[in-house]
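Let's walk through this structure together. Have the sequence and the model open side by side as you read.

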Amino acid sequence: MIDLSTTYLGLNLNSPLVPSASPLSQEVATIRRLEDAGASAVVLYSLFEEQLRQETYELDHHLSAGTESFAEATSFLPEPHEFHLGPEGYLNHIRQAKDAVDIPVIASLNGTTVGGWIDYAKQIQQAGADALECNIYRIVTDPAVTSAHVEQQYLDIVSAVKSAVTIPVAVKISPFFSNLANMAQRLDRAGADGLVLFNRFYQPDIDLSELEVTPNVLLSTAQAMRLPLTWIGILYGRLGASLAATGGVHEAEDVIKLLMVGANVTMLCSTLLRNGISHLRFLERGVREWMDSHEYDSVRQMQGSMSQRKCPDPSAFERAQYMRAVKSIQHVTVTGRESWRLMNNGS
Amino acid sequence: MKRKFKTMDANEAVANVAYRVNEVIAIYPITPSSNMGEWADQWASEGIPNVWGSVPHVIEMQSEGGAAGAVHGALQTGSLATTFTASQGLLLMIPNMNKIAGELTPTAFHVSARTIATHALSIFGDHSDVMQCRTTGWAMLCSNSVQEAMDMALIAHSSALESRIPFLHFFDGFRTSHEVNKIEMLNEDDMRAMINMDRVIEHRRRALSPDHPVLRGTAQNPDVFFQIRETSTPFYSACPKKVQAAMDRLAAIVGRSYHLFDYTGTPDADRVIVIMGSGAEAVHETVDYLNARGEKVGLLKIRLFRPFSVEHLVAALPATVRSIAVLDRTKEAGSAADPLYLDIVNGLHEGLRLGLGSLKTMPLVVGGRYGLSSKEFTPAMVKAVYDNLAVAAPRNHFTVGIQDDVSHTSLTCDPTFSTESDDVVRALFYGLGADGTVGANKNSIKIIGENTDNYAQGYFVYDSKKSGAVTVSHLRFGPRPIRSTYLVSKANFIACHQWIFLDRYDMLSSLVTGGTFLLNSPFSKEEVWEKLPRVVQDQLIAKKAKFYVIDGYSVARDTGMGSRMNTILQVCFFAISKVLPGNEAIEAIRKSIRDTYGRKGEDIVQKNMKAVDETLAHLFEVEVPKSASSTIEMPPPFPAEAPEFERNVLGVIYGNRGDELPVSAFPVDGTFPTGTAQWEKRNLALEIPEWDTKTCIQCGKCAMVCPHSVIRIKVYEGQLLADAPSTFKSTDARDKEWTGMKYTIQVAPEDCTGCGICVDICPAKNKTETRLKAINMVPQPPLRVPERENWNFFLKIPELDRRNIKVTTIRQQQVQEPLFEFSGACSGCGETPYLKLLSQLFGDRSVIANATGCSSIYGGNLPTTPWSKNADGRGPAWSNSLFEDNAEFGLGFRLSIDKQTEYARELLQKLGGAVGEELASAILAASQKDEADIFEQRLRIAELKKRLEKLDSPEARQLLAVADMLVRKSVWIVGGDGWAYDIGYGGLDHVLASGRNVNLLVLDTEVYSNTGGQSSKSTPRAAVAKFAAGGKPAPKKDLGLMAMSYGNVYVASVAMGAKDEHTLKAFLEAEAYPGPSLIIAYSHCIAHGINMTTGMSDQKAAVESGQWLLYRYHPERAEAGENPLTLDSRTPTKKVQDFLLMETRFKMLTKSKPEDAKKLWAQAQHDAEVRYRFYEYLSKRQFESKAAD
């Protein structure tokens, strides 16, 4: 019997297949279907402090706009006695999800103020979440803000949240740090129980017919998996924190590769949105079949086996590898037009 | 249970009682009573029980007639039921009221008395509505103040049960219904003590029930009807004493004592005023003042007007009375006298004859009229009435409060007479609707009323504009209950919250010597003096005023308050006025902020708290110099080039001095000129659009969507530019048919409201900087003068010949001159672009019937109208009849026009030889299908008239009178969804069924916009609206589908923001179709809780999600054997949720009732999908024409 179980954030999971924060977790019924399809835990969609604040401002603005201006209509909308403007909806969702499934429920939080991070983290814990993923999603554009300052903010958030809650805390970060290994280590020391690699920023597109910048949510491609694969491979064994791979995990082979470089879990989003929840079963079966055919007994056996520390060629994870890759690109001229063609290794 | 003191208006006070002592409440919105229904609906949605622990059922009906019917039914089956209404609404209840009274059914209706529409509609208060109920058999109980309104509401319900007579409890619309005052609240124990449960049980026993069946509502014949009608007499005879008993019971419970007729004044008064309603409070105040100065005057307040108790009337009057003035707040034209006067004369006569009371001889009784439509009624006017009684031959049938220089009925008043006491703080605040001034003042009243022993009163005056509305708050605080039911005219504190008012209103004329003036100024304390108009400087000096400034604009901006300056200026008021000690006031404001905004989240609370902290640091006293230095003069309200009537009458009204105009200034039948909004230069916009000639693709969309018709397009010959101002913009016309001509888009800088909807819709982007479009918002002040010059030049450029405009494409059609311009609608209004389009296409030949609602207010509220006329003097003729009858009113236009046209044709056929056979034949044969045809016909008619004038025959004279009817007329019936879907639906349906050539335009905002956002049957499922606070559970009524069922009605559903060419096509097809046409036009609205700048984008999203469908149903296609329905919407590309998230009316449900929102949103998605599939099926089905049969 192949053992797919793994440990993530101190939680014992039946398999490394964990749906990441996505619209799939918005309905409790869907979370139940995820569990039924083999999800070993679920990360809920994120609670955004900024969004709550924005909605509050919007509501206040629209409820007061145009009021007390005209004798016949001193207001336009009824004002209920009570509004649910805080995170109550999200907290209820945690409670309902916990009631509905047996797998661990990991909440996700994106705060904008230290107070917000702390308050919401506490409430999330009280609502019964098994763990908290801090989705630190910031695009810093002010040239006056130094990298050191930004990094310190990350660490402050992690310290603050850790001091506020007792449930495990994972930190989802982007890869855009000058020295990710150093940052990962500092997050680890700040108390992060796990690192989720990596957050993908939604990058805008241009609508050429309307000449508008459009927010464009793209599902990940298989290539996206390379980045977490690289960094999990490098970080494995150097941190106390668990490592979760997210982004580009589409096929069973992707899961296996990421486990081999050291991921505790692989997080799934685009592939489930694209192929449906039942794809979880397909992935699990694929992992089992591969392990069976390659005579692996357990996930734990393969975890980290291809990490930088344990792989036959550790330098393959480092910068030199990039130089080698560049050499494999040939400058070619085809029918008078210049283009770059990526050649296969050895060609 | 201890009673609390609270500050509230009478609508809330009355609703508090009515809600708690009833079980079924049927409501319908009408100003100024709507708030009572809104409170009831809100409390029911919050699950608040009545005094018996059960939550009343509250239901909105389709009209007041419907509400009365539902209440009648509820009463007949044993429930305690009530409703609230006013004015026309009350008239619609009269048939049921007669039934309810005839059946001796106990209930009380609560009426905020309002003017009945006669020569004009008025939303304000008088007794013309309740006086029309005198014959219904209802008891009529009147309240004079907010406290009394609460007390009398309970007395009415109690007395109704005791007497079995239904009660009409009324109080003055606006003056009482909307006056905020400090009152002692009746608690539930009080209410239970006043409602005799034995009587309730008896009421239930009389109910219709199959368990003890009876027959009620029979038809009766001459043999017995009369006798049976008389059986009720004992109940009416017994009623007054039962009412007095109820009053006494209340007095025993709460200590406030009332009588059927309450006398106030010296016991030996020789002159007495008899009055009912809020005016009695002003009289009471004056009586106290005059008697304290040695006069002997008295006041008789009538509480119970019906059943009229002669016994109690005469018993209440002192024996010393020699003369009485009875004041009526209504005009009964043609009557021997006004109604209250007649009753008092008769009562005194009968009382004396029967030897009742202490009067020995009949006093001299005169009657007078005051206060129609909330006209001010002041102590000066009261004194004039007493002075009239003092003369040897007092004037009878007088008026007071106006200058009647036509019939010479008016009494002369001394404007300097005042009874205001020095220990009462009197404050005036001038604000803009958008800045939160009124809200802040209501809050201040609450703070003072509920934190001190002081009494407090607030009354708020709004102008008639929906954009840039000016509000004036009148506040009083003092140690005694405040009876001053009139505006503050001698203020010791005046605040101007907007700089732009300085050269529009003479605010300081009301300031007392030594008073305080607070100015919200963008200029520093050092700069501000030099920026003031001369009249302001002069008055500050002359009145030795204290002068304070605050840059509230900056504080609001820096603290995230935006344009809301409520908290900031409230802090200033408390800081300067010292009504409360410094720290105490600030702490009270902080507590109030937490109470008011706490439910909206801590962020909102903190934003306001920050504003409090910042304000005091920016408030400065300015030393007033000894002499004035300003050369800035206040401009006249209307410019010199305006016609005389516009300048001397409409301009005076616009300048806030309408009260000064005499009777002779006005037309006798409510007829006013059109084209008058052009004289109001309101300069509301901080930013206006600027045209970029190089980027512009000349599509015309900016002009099309402009809600205020301030973006105009002209195409003209280049030589006309010879005298153009240097900054006037022009470019080559791009349209091939206009090759060689010039093209200009011009903005009316002083009429623009700055909504920005034009920029949102503009599809052309600047190629080097894509944030810029072909039209961009830029600051108005630097452009005001040059663009004013450009605008004036633009107006002089001749309009393009309408025959040369291809109306089927927007880029050409938008060159047509709008005959609807500069309305006072909300900035960014979604309705007005449709009306402007109508006016461009057909305005020169249209007659418009306009249902009461937003469009009748921005279309026809004095002083001006946006409906205008072209250079030939032609334009839309417009009228508003009522809310409920608009379709029928418009059908009447059609019938009338068709009859006169037919008669003209008959006459022309008879006169053919006399006027010339060729001309007559050409006129009779003219098809008038397009502009060219109509142009030719107009030429023919002009020639016909010339020839007719030379003929001396009765037929020729008659034909001359109707000759214009030989040019095709376009009848438009316009109104909102409240009219079309609800109150006017029966008429609309009948008009559609008539087959006549009328065009019905429904400006569908999916809510009662004008009365403040109540749900209609057009309101979509899941939308939050008043009367649907928990989200509307039912889907939107499909009016278009109902109309299509006739088969011969042209029906179009349009949304300009989604597909403007489709809207244009629908208007053209509808007008061309010779039968009834119905256009249902999606109109975004401020009541949706949206960003009005992007309202057209909301329309687009509504269509893209399937929430709104675009279609046209053309009966002529059916006649040609084609499917008459064209579905012009594509398959939805968005989820309904994507649209719902754009609008607060939907989104707020996710914040108030998240679980309900989830269900309703899912149902809304289902509705849209089902509707689309159904219409798709209808539009694709095999259609079998009659011809095929």
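Over which residues of chain A does pLDDT stay under 50? The stretch is residues 326–347 of chain A, for which the model has 12 contacts beyond four places in sequence. Here pLDDT is the predictor's confidence in each residue, from 0 to 100, and two residues are in contact if their C-beta atoms, placed from the backbone, lie within 7 Å. Where pLDDT is low, the predicted coordinates should not be read in detail.

A word on conventions: this is a predicted model, in which local features need pLDDT of at least 70, side-chain atom pairs count only at pLDDT 80 or more, and totals for chains, interfaces and linings use all residues. Residues are numbered from 1 along each chain as its sequence is written, while chains are lettered from A and ligands numbered from 1 in the order in which they are written.

Chain A as a whole averages a pLDDT of 89, with 92% of the residues scoring at least 70. Chain A has 12 helices and 14 strands (DSSP runs numbered from the N terminus: helices are H or I, at least four residues; strands are E, at least two).

The C-alpha trace of chain A spans about 80 × 60 × 40 Å along its principal axes. Of contacts in chain A between residues at least 6 apart in sequence, 70% join residues at least 24 apart.

Now turn to the partner chain: 30 residues of chain A are in contact with 39 residues of chain B. On the side of chain A that touches chain B, helix α2 (residues 49–64) of chain A gives the largest share, eight residues.
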